[in-house]
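Follow the covalent links, the ring contacts and the open space of this protein in turn. The paragraphs below take them up one after another.

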Amino acid sequence: MPLRARCALVSALALVTLTTAPAAATAAPPPAPLNYAALGDSYSAGAFVRPWAVDDGCGRSTLSYPQQTARHLNVRLTDVTCSAAEVRAGVLEPQTEFAGPPSVPPKGGWAPRPAQIEAVTATTDLVTLGIGGNSVGFVDIVTKCIEQGIASLGTGSPCTTHYTRGSGARPLDGRIAALEADFATTLKNIRTRAPHAKVAVVGYPAVVADRTGCSFGSWRRLGTVTRGDMPFLDALERRVNTVLRTQAQRAGAAYVDTYASSTGHGVCAAPEQRWMYGIKDDLTGPGTQSDTPSALCRSIPAPGEACTFLHPNLRGTTHQADLVTRALTALGATRR
């Protein structure tokens, strides 16, 4: 073959190679963040874990499980959790009563908060819902147990008798029934407002689960609740969690069980093992933020920075965040 012909052939082959070679792969754009709405009460807001917001009485901590989870995952968080929220007065309807921190409201009180359900829209991809304790009156029940423990000088199980066989039994059963109905309504409303959203119901961590119970009179634990009444409080919490789990299953939502893995870390555990604040306790979380005690809190003759009243401490909110992060990942969220 003449030299000129060979050169022409090489040039033609090179041209074919260039025109048929695959284009260089381009990096895929990162996925858009999912829209995540967090609904719930003080256990979801991370109340009394520093630092918290001071603008609306809801006490939302920057280290609550929604906030920690949002930092782990590629999501855009709308956090409307609020202390003292109930399923009806808080999620389904506006909230007018608040518990802080701050525990002492400004003059004129806190402004009403819109119903949390309004944060769920057609663009919402993920929802967590952690609520129910206030709907059954858990704070009032613990307070009643504290009072009856004082009256009985720490003996017997007067609170158990009151709520299982006494005058408190029927009202408590009525509140449990109302919780079932209102929680089912809430899940239906979430599905209506955000048909494509994945929903995770977050149960309550263990508060009292401990075979030996707490020593009487320790306000860093359960104060004057008798040891005989502690199994009742644990059973009540498990009863509430059963309602949440059952309603989640019926609605096709995921259930995040924070109870099982937190047993042994409740308020009766050794200080270094506790994931739960006592009635009056020292605050956890970074910074020096403090909570001005209310008159009722000042009346408790015990050390402790604040009346934290059985909420998860920083270890507790981190434990919640680990489980919720895992649950939302299973529902389609990706890590940052």
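Cys297 counts as buried because its relative accessibility is 4%. The model is a predicted one, and in it Cys297 is joined by a disulfide to Cys307, with an S to S distance of 2.1 Å. Cys297 lies in helix 8 and Cys307 in the loop between helix 8 and helix 9 (314–330), 10 residues apart, and the pair links distant parts of the chain. Cys307 has a relative accessibility of 19% and therefore counts as buried, since buried means under 20%. The torsion about the S-S bond of Cys297 and Cys307 is about 100°, so this disulfide is right-handed.

How many disulfides does a search of the whole structure find? The search gives 4. When the bonded cysteines of the protein chain are numbered in sequence order, they pair as 1-2, 3-4, 5-6, 7-8.

One of these disulfides is formed by Cys58 and Cys82, whose sulfur atoms are 1.9 Å apart. Here the chain positions are 24 residues apart: Cys58 is in the loop between helix 2 and helix 3 (65–72), and Cys82 is in the loop between strand 2 (75–79) and strand 3 (126–130). The link of Cys58 and Cys82 has -80° about the S-S bond and is left-handed. Both Cys58 and Cys82 are buried.

Another disulfide joins Cys145 to Cys159, with an S to S distance of 2.0 Å. This pair connects helix 4, which holds Cys145, with helix 5 (residues 158–164), which holds Cys159, across 14 residues. Its handedness follows from the torsion: the value about the S-S bond of Cys145 and Cys159 is about -70°, so the disulfide is left-handed. Cys145 counts as buried because its relative accessibility is 0%, and Cys159 counts as buried because its relative accessibility is 0%.

The aromatic rings come next. A search of the whole structure finds 3 aromatic pairs. Among them is the pair of Tyr43 and Tyr204, which is edge-to-face, with 5.2 Å centre to centre and 75° between the planes. Tyr43 belongs to helix 2, while Tyr204 sits in the loop between strand 4 (198–202) and helix 7, 161 residues apart. Tyr43 has a relative accessibility of 10% and so counts as buried; Tyr204 is buried too, with a relative accessible area of 8%.

Tyr163 and Phe232 also form an aromatic pair, and this one is stacked, with 5.7 Å centre to centre and 5° between the planes. The pair links distant parts of the chain, as Tyr163 is in helix 5 and Phe232 in helix 7, 69 residues apart. At 10% relative accessibility, Tyr163 is classed as buried, and Phe232 is buried with a relative accessible area of 10%.

What remains is the open space. Empty space left between atoms is shown by rolling a probe the size of a water molecule over them. The largest pocket has a volume of about 1200 Å³. Its lining consists of 44 residues, and Ala99, Val139, Asp140, Thr143 and Phe309 lie nearest its centre. Two or more lining residues come from each of helix 2 (42–45), helix 4 (138–151), helix 7 (230–251) and helix 8 (295–298). Which helix gives the most to the lining of the largest pocket? Helix 4 does, with 7 residues. By residue class, the lining of the largest pocket divides into 25 nonpolar, 12 polar and 7 charged.

How values were computed
Residues numbered from 1 in each chain as written. Predicted model: local features only at pLDDT ≥ 70, side-chain atom pairs only at ≥ 80, totals over all residues. Heavy atoms only, no water. 1 Å grid on protein atoms, 1.4 Å probe; cavity = no way out; pocket = protein on both sides within 12 Å on 5 of 7 lines; lining within 4 Å. Points joined across faces, edges and corners; volume = space filled by probe spheres on them. Helix = DSSP H or I, 4+ residues; strand = E, 2+ residues; numbered from the N terminus. Nonpolar A, V, L, I, M, F, W, Y, C, P; charged D, E, K, R; others polar. Disulfide = S-S within 2.5 Å. Buried < 20%, exposed > 50% of the residue type's maximum accessible area, 1.4 Å probe, protein only. Phe/Tyr/Trp six-rings, centres within 6.5 Å; stacked < 30°, edge-to-face > 60°.
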